[in-house]
Amino acid sequence: MAASNGPEINLSLLLLGEKQSGKSSAGNTILRRLAFHKNTIRSSRENDNIFGKQVTVVDTPGWSSHTPTPDSVSKELYRGLTLCQPEPHAILLVLPITSILGQKELKAMEAQLSLLQTTIWSRAMVLFTHGDKLEVMSIEEHIQRQGPTLQWLLERCGNRYQVMTNQPSAPQTQVTELFGKIQKMMETNQLSTEVKNMLYTRLRQELSMEEERSWQNRREEVEMTEMHDVHDGMLGQRQRVMSVGRSGRALAFILLGRRKSGKSSAGNIILDTEEFQVYPYRRTTRCSVSQGMVSGRAVTVVDTPGWSLFGLANAEEVEVEMNLSTSLCPEGSKVTFLLVLPVDVFTEKDRRAVEKFIGTLGDNVWRRTVVLFTFGEELRGMTMEKYIEENGEHLQEILKKCGQRHVVFSTETENKNQVIRLLDIVEQM
């Protein structure tokens, strides 16, 4: 998008969302006139000159997460995409502040988006409607309260979102803010595929050349840390656990999973301390290790960087750190890999990512892997068996690879039984 004093350009926006989500009202707010009417049954396109830019907005029929979506709606969604010639600059996923985005809602959204057969997430943004319902609550607090499903969607969208009040008296600043965020997104996406491929090729070459050196540097960091502990007159925690490990009682857990899966929180639950820092908008980029005594056992936990399904993490760097993780475990300890999966939708794309990244640890890794489900509070009374059944063959295939070993952690309980259950599973492996 050009700057406001530059040449006039076309800007094409595609509105997608459930029924009664406020898509049409949002379109009217953007175009500053009554362009769309409620109860949309066919995709429609309206244009206007907004802030010196020729803006096209395409409104589409809404789907339902509680009843099957008619084929006619899916066809109209695709037709709406074709109305954004040559393609939409931004795809606005409309979510009302008053609704909760749960598993059913996310599944319904993904089902419809997959039918569009176009690049979605690099140009997607969440558009929160009915923003006046927030009252004194900030949008950040609303996102935090909504839980991991909404946070996962926002991650897919590159944490891009805008709030709209959808009222006739709504300030124009919310539209200018929306355009500004779209401009920033477009500038980020302007990097051509050729340049990206060149950078990726160079990175792969550099990683191939530097991989051994990186591993050695990381090992030296650990060794230097231990040396400083001894020099300062302190017996480091790692040394204590190594000495206990030789007695045959030490356990080591390596946390693996995608970004925002709750790995760091799971590590804190296991050790019953806040050893691993958890930030809503910050990610783990390098392996970190901590130790403690858990139910009379010496336990080491290694947190690793998470992979991303949508290119938000460097896959080569994640693999290097994952392969380094075992060298951070005490000598003689029993090493168990914990595949951390949030209680959420588990798709074929998730399964492929899990198999790809965990497969880099060797053919025997599955024999030493336990699936650790996080955010167990999202089950909301549903049994684990029912959840696994509803998620279908992709999740079931991963569980089969892990010998059906799994445990559930809830972040809203201090019940020690969930950790004891994990230890019991590991003792039986």
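The secondary structure of this predicted model comprises 14 helices and twelve strands. Of the chain's 429 residues, 50% count as buried. The exposed surface comes to about 21,500 Å², with carbon and sulfur atoms supplying 48% of it. When contacts between residues at least 6 apart in sequence are considered, 73% join residues at least 24 apart.

Nonpolar side chains in soluble globular proteins tend to be buried together. In this chain, the largest nonpolar core holds 37 residues, and Trp-307, Val-354 and Phe-373 touch the most other members. Two or more residues each come from the strands β7 (251-256), β10 (334-342) and β11 (369-374), and from the helices α10 (315-325), α11 (348-359), α12 (384-391) and α13 (393-401). Val-354 makes a handy place to start exploring. With its neighbours within four places in sequence set aside, Val-354 is in contact with Trp-307, Leu-339, Leu-341, Phe-346, Gly-359, Trp-366 and Ile-398. Apart from this core lies another, of 31 residues, whose members include Ile-97, Leu-113, Ala-124 and Ile-143.

An α-helix has 3.6 residues a turn, so residues three or four places apart point the same way. Just after α4 comes Gly-147, with a positive phi of about 100 degrees.

Key:
Residues are numbered from 1 along each chain as its sequence is written. This is a predicted model: local features need pLDDT of at least 70, side-chain atom pairs count only at pLDDT 80 or more; totals for chains, interfaces and linings use all residues. Side-chain values use heavy atoms; hydrogens and water are left out. A nonpolar core is a set of buried Ala, Val, Leu, Ile, Met, Phe, Trp, Tyr and Cys residues joined through side-chain atoms within 4.5 Å. Buried means under 20% relative accessible area, exposed over 50%, partly exposed in between (1.4 Å probe, protein chains only). Helices (H or I, at least four residues) and strands (E, at least two) are DSSP runs, numbered from the N terminus. Contact means heavy atoms within 4.5 Å. Accessible areas come from the Shrake-Rupley method with a 1.4 Å probe; for residues, only the protein chains shown count as cover.
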